[in-house]
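This report examines selected helices and charged side chains of one protein model. Please keep the sequence and the structure in view while reading.

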Amino acid sequence: MALAKDDVRTAVGIIERHPFARLDDHFVGGRVRASARKHVVPKSANQRRYIEAIRRSDLVFGIGPAGTGKTYLAVAMAISMLNERRIQRILLARPAVEAGERLGFLPGDIAAKVDPYLRPLYDALYDMVEVDRIERLLERGTIEIAPLAFMRGAR
């Protein structure tokens, strides 16, 4: 696996913050194999801790600012675990509204209203796995994507 510019930036940032950090632990130990064509590497120590939390716990809540990789890393870990047959089904959920908004007042049907909130899940899936495989997994119910507000119990 070749180093990219982002990997060099990540390595420099890690060493600046933690001079005695082992980069092989970060880049090799933290790598997630989402599919045959996609490996995901954490870009920060916090992302590495998030991946480790997902590996060791059944339930992990990721909170923080937008754009920090929470959804992308969670999807990568879910796909990786599905491929390793550590899990049999993936349920991806996100909040369907931002603070203060009400879906009923937005134009369009329910799908048009929640799609912008679920889009990051679909984007991550399609970035990591071939389109035809994702479609099959969605059709079979192996992967289910649901807005959090509309979930009622489990199957």
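A residue is called buried when its relative accessible area is under 20%, exposed when it is over 50%, and partly exposed in between, as computed with a 1.4 Å probe on protein chains only. The model is predicted, so local features need pLDDT of at least 70 and side-chain atom pairs count only at pLDDT 80 or more, while totals for chains, interfaces and linings use all residues. Residues are numbered from 1 along each chain as its sequence is written, and side-chain values use heavy atoms, with hydrogens and water left out.

Helices are DSSP runs of H or I with at least four residues, numbered from the N terminus. Helix α3 covers residues 45-56; at 1.5 Å a residue, its twelve residues should span 16 Å, and the 17 Å between its end C-alpha atoms agrees with this. The expected span is 1.5 Å times one less than the number of residues. Buried residues of α3 include Tyr 50, Ile 51 and Ile 54.

The axis of α3 comes within 10 Å of the axis of helix α4 (residues 70-83), and the two cross at roughly 40°. Such axes are lines fitted to C-alpha atoms over the stretch in contact, with angles running from 0 to 180 degrees between N-to-C directions. Contact means heavy atoms within 4.5 Å. On the α3 side, Gln 47, Tyr 50, Ile 51, Ile 54 and Arg 55 meet Lys 70, Leu 73, Ala 74, Met 77 and Met 81 of α4.

Ser 80 also lies in α4. Its relative accessible area is 6%, so Ser 80 is buried. Leaving aside residues up to four places away in sequence, Ser 80 touches Val 32, Arg 33 and Ala 34.

**Salt bridges**

Side chains of opposite charge can pair when their charged atoms come close. A salt bridge is a side-chain nitrogen of Lys or Arg within 4 Å of a carboxyl oxygen of Asp or Glu. By this rule there are six salt bridges, among them the following.

| Pair | Closest N to O distance |
|---|---|
| Arg 55 and Glu 52 | 2.9 Å |
| Arg 119 and Asp 123 | 3.7 Å |

Arg 55 and Glu 52 are three residues apart in α3, and therefore about one helical turn separates them. Arg 48, Glu 52 and Arg 55 are linked in a network of salt bridges. Arg 119 and Asp 123 are four residues apart in helix α5 (residues 110-128), again about one helical turn. Arg 119 is partly exposed because its relative accessibility is 36%, and Asp 123 is partly exposed at 45%.
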